[in-house]
Amino acid sequence: KVLKQMFGDVEGKICYSIYNQHNDICPGCGVRDVFEMGRDNVMHEQVGEDIDGNKVWSEIIATPIKDKYGHIIAALELVVPITERRLAEEAFRESEESYRNLVESARDAIFTLSPNGTITSLNSAFETITGWSRKEWIGKSFTSILHPDDISLAINFFQRVLKGETLPMQELRVLTKPGEYR
């Protein structure tokens with residue numbers, strides 16, 4: 001029923017002509033791998049067009065059907081519609097790219113932390129302002145770059161953020177490579 005809704009009347013038709021309107025076997029075809037290589041449960045994704053001309057993604061799982069002697073006599077092809085997931089992934093990637101561009105173009109030094117307080121990323125402004133490279137700080141504790149008088153304030157702030165509190169931006173003094181605080 002799902003295939004019929006997506007692709008129209010599919011019974012008796014060759015799968016690649018339905019999913020992708022190809023005249024030949026699709027690249028990465030799981031059914032071909034089942035028959036030619038004897039593989040079990042081959043999974044791949046295909047993109048094609050539905051009966052309305054919309055782009056659709058499907059996850060396809062091909063499983064061999066064997067006779068009592070273990071010879072492959074047919075293949076079962078399970079088609080799972082994954083268009084919504086793929087569109088969400090695409091939107092997420094675009095959002096993530098926009099966020100990275102925004103952070104990277106900021107004039108303020110910005111760094112992100114793991115839940116245990118180690119630096120996971122920092123922007124170009126951080127490198128420019130402090131003189132430290134990403135390589136020198138990624139994986140280190142954020143408290144090691146702070147002015148000693150700011151450490152307890154920063155830890156308190158960080159713990160409150162981890163609890164889910166929304167707090168205003170916090171300015172802290174950061175150690176520069178020449179040994180000064182900014």
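Me: On a 1 Å grid over the protein atoms alone, a cavity is a set of points where a 1.4 Å probe fits but cannot get out, and lining residues have an atom within 4 Å of a point. Which residues line the largest cavity here?

Reply: The lining is Cys15, Tyr16, Tyr19, Ile25, Cys26, Cys29, His44, Gln46, Ile60 and Glu77. Before we go on: this is a predicted model, where local features need pLDDT of at least 70 and side-chain atom pairs count only at pLDDT 80 or more, while totals for chains, interfaces and linings use all residues. Residues are numbered from 1 along each chain as its sequence is written, and side-chain values use heavy atoms, with hydrogens and water left out.

Me: What volume does the largest cavity have?

Reply: About 60 Å³, where a volume is the space filled by probe spheres set on the grid points, joined across faces, edges and corners. The search of the whole structure turns up 1 cavity of 30 Å³ or more.

Me: Which elements give two or more residues to that lining?

Reply: Helix H2 (15-19) and S1 do, and H2 gives the most, with 3 residues. Those labels are DSSP runs numbered from the N terminus: helices are H or I with at least four residues, and strands are E with at least two.

Me: How do the lining residues of the cavity divide?

Reply: Into 7 nonpolar, 2 polar and 1 charged. Ala, Val, Leu, Ile, Met, Phe, Trp, Tyr, Cys and Pro count as nonpolar, Asp, Glu, Lys and Arg as charged, and the others, Gly among them, as polar. Glu77 is in the lining, and a Glu counts as charged.

Me: How many bridges join S1 to S2?

Reply: There are 8, again antiparallel, and Gly48 stands opposite Val56 in S2. The sheet is open, with 3 strands in the order S1-S2-S3.

Me: Why are S1 and S3 called edge strands?

Reply: Strand S1 (42-49) and strand S3 (72-81) each pair on one side only. The twist averages 30 degrees from one strand to the next, an angle between N-to-C directions of axes fitted to C-alpha atoms (over the stretch in contact for helices), on a scale from 0 to 180 degrees.

Me: Which helices lie across the sheet's strands?

Reply: Helix H3 (residues 30-37) lies across S1, S2 and S3, at about 160 degrees to S3. Helix H4 (residues 83-105) lies across those strands too, at about 130 degrees to S2. Contact here means heavy atoms within 4.5 Å.

Me: What makes Glu89 and Arg86 a salt bridge?

Reply: The rule asks for a side-chain nitrogen of Lys or Arg within 4 Å of a carboxyl oxygen of Asp or Glu. Their N to O distance is 3.6 Å, so the pair qualifies. Both residues sit in helix H4, 3 residues apart, about one turn of the helix. The count by this rule is 12 salt bridges.

Me: What makes Asn41 worth a look?

Reply: Most residues other than glycine have a negative phi. Asn41 is not a glycine, but its phi is positive, about 45 degrees. Asn41 lies in the loop between H3 and S1.

Me: Which glycine in the turn of the S1 and S2 hairpin has a positive phi?

Reply: Gly53, at about 85 degrees, in a hairpin with 5 residues between the strands. In the hairpin of S2 and S3, Gly70 has a positive phi near 90 degrees.

Notes: Pairing = 2+ DSSP bridges. 1 Å grid on protein atoms, 1.4 Å probe; cavity = no way out; pocket = protein on both sides within 12 Å on 5 of 7 lines; lining within 4 Å.
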